[in-house]
Amino acid sequence: MMREEDKIIRTMKKECEKIDNDEYFEILHKIYRHIVEHENQPHEDRARSIKAIIDEEEGEGNNK
Amino acid sequence: MKFVKLKLKNFKPYYVITNKEPEISFFESERSDKNISLNIGPTGHGKSSISEAILWCFFGDSYKRNWEEWVNTLSMEIAKQKGDREVKMSVELEIEMGSEYYRIVRLGEYNVKRKEKLKESEIHVICNGEPVKEDPNMFIGRYFLPMKLMEYFIFDADDILKKFEENREKTIKDHINKIVGLEKLDDVVSTLERVIELYKDGVYEIESQIRGDTANKIKEKEEDIQKKKEAVIQLKNEIDNFEKEKKKLFRGGAPSPEEERFRDLIEERDKLTEEIKRSNNKLREDKDLLSNMDLLLLKNVIEKAMEKTEKKKTSREEFENAVEVVKSSVEKDYSGIFFNVEEKSLIKSGTEIGPDNLEGINKLLLSTGSGIKADSLRIFREYLDESKSTQEKFLDYKKKFDGKDGELLKVKNQMDLIGETTGNKEVIEKIKKFEEIERKMSRKKGNIKEIEDKIRDIESEINELREQLKLENDQKREIKEINEKKTITQSLLQISKETRKEFLDFLLSEVNKTASEFLRNIIKDTKRFHSIEIDPDYRFQLKQENGEPLKESQINRGNLQISLMAFFFGLSQFLNKKIPYVIDDPLLRLDPGHDKRLIEQLSKTGEQLILHMIPGKEYTTDTFRWLGPHINIQNWIYRKMHGTKELISYVECKDAEKIIEFDIDKF
């Protein structure tokens, strides 16, 4: 059985493949998972958490 | 999956009488080829409570928190009468899943006095008689759906119609977003938009700290230093030129010791000459002064003594005493001066002192007579002594002055030895010029020092500015990095929007397709009721075969209800979950024929259908005629009085193969 989140993630992956960017998918996947798992997080806190994910991912990307 | 049995204890109208919990059977295994379970009862008898009991059993407080509505009213009354604090309630659902048999039990306790739950409800999942090791909530999540998605399997057909009529687009949007998790994607989009704002804020904050003109300031200061260094070079050149001039004046670059000695002598001579001139004048004045020294001293003494005594009163005797004192003193110390008592005047060598002094002495004589003789005498003598000291000082000066004459003579002699020639005069001129050059050079050197100090200050400022520039460059790099992240976030945002669009398009095409097929299989007028189309703006349209949308006036409520059930069916099929449908009032207001085909369509999924129907309205002899062969079980729900006022529901399971006549007395 495919959960609706999985369908969305698959579509997301396809969209990233269109621009040939797996890294974007990894980040977006993390963001999406965070939002699914922190459903009740206030908007501003959520934005800061997501920013931290992007910062961290981008930081890692730069260190590679 | 089959819902087999539901046991209710003190949940809504289901009250436990004689320790026997009300039971509702949904499935008899001996009729397993028939997948429709009916719960028949008029409105308000407890049909919808069955759906609610199932949802509470699965989700507890996540479903709803209105315990007050859930707890059976009669049980609360009885508890109050007995003085019991709480009422225990429970719902137990038995489920058959392949070869496994599950019991899901939800337990709750309600405080009757406080009208609130005593604690969180408990859930237990028992599989084939053994509690499952898995977390019960995880179990629910694995086999079923989140609570909000269960409404596409357990719903009231009448409710969805009413909600849709209240606000079409919002209702459709809510359903679609909910069912496919688009809400989460919307959250991703709005969150990423906010993150972009945060990055912009970050850049703005750093930019506001950067002055921006630091590099220009450094450049300006460096240019200033360059100019100052050129000025220093210029000054040094000038000093070099002065040095050359000095060398031109004197071969060795400076006057020789003899030349300097000569210059010094000339200067000393001129100085002494001037001094002698001044001293001669003074000496002349002083010689005049010395010649009258004794008189002047006396005058001085008298004036000072007068200052001390003039305000004192006197008698004749005192006056004469004072005259004697002055007279004796003057005669003793200044033998050349006489005091003429008759004429009241001082006489020196026969020369009379001027009238002014005479008047002064007379005043003195009058005043010194006052008081005690000894005092007058003492004051007078004090001033005489002081005058003597002055006289001695003058004599010393005169002696020294006489010495200067000797010095002058020595210088003159030396000069005579050197000789004052024309050549020597040139040397003097050259030395003067040389000294002028020296002064100029000194000024230039001072200027150089001043400029060099300034250069050091500017260099220090430049160092500070370079530190600032380094910091600014770091900040610019940081801005660049933030902008890169912002660009990535914008790309992520774009992808999320595209994903949303793609996914919505995919979902709508699937749901529209399933719902349209469902619709066409129920409403046979397929020329008019050809398809359901929900567009990306959540507009719900029924379209004709020619593609034209149907007008609202062309759609009766029954057909609209079928369309919405088709939409729900499309959504539930998209979720691809094998869960029984529990539908309240599915056939209400449907045209004849539509009801039968609706059930046929729902049955095609192969899932169990648990339908709550109103006897006489949805469930009639005609209904039984086509529905009968598919019925697995039929429960009749009644209400009866318990005691004098409270109504409770109870369930009677009837022969599934027989039409049950509507018995008005039973209701």
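Reply: Strands are DSSP runs of E with at least two residues, helices are runs of H or I with at least four, and both are numbered from the N terminus. In this predicted model, strand S4 of chain B covers residues 86–97, and Lys88(B) has its place there. Because partly exposed stands for the range between under 20% (buried) and over 50% (exposed), Lys88(B), at 45% relative accessibility, counts as partly exposed. Along the sequence Lys88(B) is 17 residues from Val71(B), while their C-alpha atoms are 8.6 Å apart in space.

Turning to the helix of chain B, H1(B) takes in residues 47–59, and its 13 residues should span 18 Å at 1.5 Å a residue; the C-alpha atoms at its ends lie 19 Å apart, which agrees with that expectation. Twelve of those 13 residues are buried, so the helix is largely enclosed by the rest of the structure. The buried residues include charged ones, Lys47(B) and Glu52(B), and among the others are Ile50(B), Ile54(B), Leu55(B), Trp56(B), Phe58(B) and Phe59(B). Ser49(B), Ser51(B), Ala53(B) and Cys57(B) are buried as well. Just after H1(B) comes Gly60(B), with a positive phi of about 55 degrees.

For comparison with chain A, Glu26(A) sits in helix H2, residues 22–37, and its 43% relative accessibility makes it partly exposed. Together with Asp20(A), Asp22(A) and Glu23(A), Glu26(A) forms a negative surface patch.

Note on methods. Residues numbered from 1 in each chain as written. Chains lettered and ligands numbered in written order. Predicted model: local features only at pLDDT ≥ 70, side-chain atom pairs only at ≥ 80, totals over all residues. Heavy atoms only, no water. Patch = residues over 30% accessible without salt bridge, like charges linked within 9 Å, V, L, I, M, F, W, Y side chains within 5 Å. Areas by Shrake-Rupley, 256 points an atom, 1.4 Å probe, with all protein chains shown as cover. Salt bridge = Lys/Arg side-chain N within 4 Å of Asp/Glu carboxyl O. Charge placed at Lys NZ, Arg CZ, Asp CG, Glu CD. Buried < 20%, exposed > 50% of the residue type's maximum accessible area, 1.4 Å probe, protein only. Expected span 1.5 Å × (residues − 1).
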